[in-house]
Amino acid sequence: MDGMAVSLADMLEARDRRAERQQALFARHGLPLLSVTLVTPGPVKVTATSRFVMETAAGELDRLFRRTGWPVPARLPVREPTGLEALYAVDTEARVLKWAAATLEDDHPLGRLWDLDVLCPVQGGLSRSALGLAPRRCLVCGEPAHGCARSRRHPLDELLAAIEERVNAYRTR
């Protein structure tokens, strides 16, 4: 699975499977969900770097849940060629969970490489903007990431180099 290139069709199917897992957890637990995916541009989604980034995210989330005392009745790690993911059913208010997730994304040295989405069983996905939070920033230039991604402003090798630089700086801190 490491180093295996995936297609757009593979990624769309993975998104559908993720949505099915989310619905199953909503049906079973009725709690807000934290969906963890990684920022992995390009056709190769599972690498030694992506595994390290996901392991770091899982460790930080475990610390968050211990620190807050939020019960987590379901943890579902997913490892597919389309990428590493995890789903957590968390017994807390969805907006509070989104604030905590956004804080991790913004404050942790690897947080920009994590996509921590919060889904409420009633309201659906909670956006950063709905909470008055600033948009995520581009890994390369610091501008709002959605604009760079949409326009494909930066070549893949530049994005991958920025990710490797960030991970290497974290490993050697």
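Entry 1. What covers the buried residues of H2? I began with the ground rules: this is a predicted model, where local features need pLDDT of at least 70, side-chain atom pairs count only at pLDDT 80 or more, and totals for chains, interfaces and linings use all residues. Residues are numbered from 1 along each chain as its sequence is written, and side-chain values use heavy atoms, with hydrogens and water left out.

Entry 2. I looked up H2, residues 48-68; helices (H or I, at least four residues) and strands (E, at least two) are DSSP runs numbered from the N terminus. Its 21 residues should span 30 Å at 1.5 Å a residue, and the end C-alpha atoms are 30 Å apart, which agrees. The expected span is 1.5 Å times one less than the number of residues.

Entry 3. I listed buried residues of H2, including Val-53, Met-54, Leu-61 and Phe-65. Buried means under 20% relative accessible area, exposed over 50% and partly exposed in between (1.4 Å probe, protein chains only). Their cover includes strands S1 (33-38), S2 (74-80), S3 (83-89) and S4 (114-120), and helices H3 (94-107) and H5 (156-171). Contact here means heavy atoms within 4.5 Å.

Entry 4. Just after H2, I found Gly-69 with a positive phi of about 80°.

Entry 5. I then checked Arg-152, which lies in the loop between H4 and H5. Arg-152 has a positive phi of about 50° although it is not a glycine. Is Arg-152 buried or exposed? Arg-152 counts as exposed because its relative accessibility is 73%.
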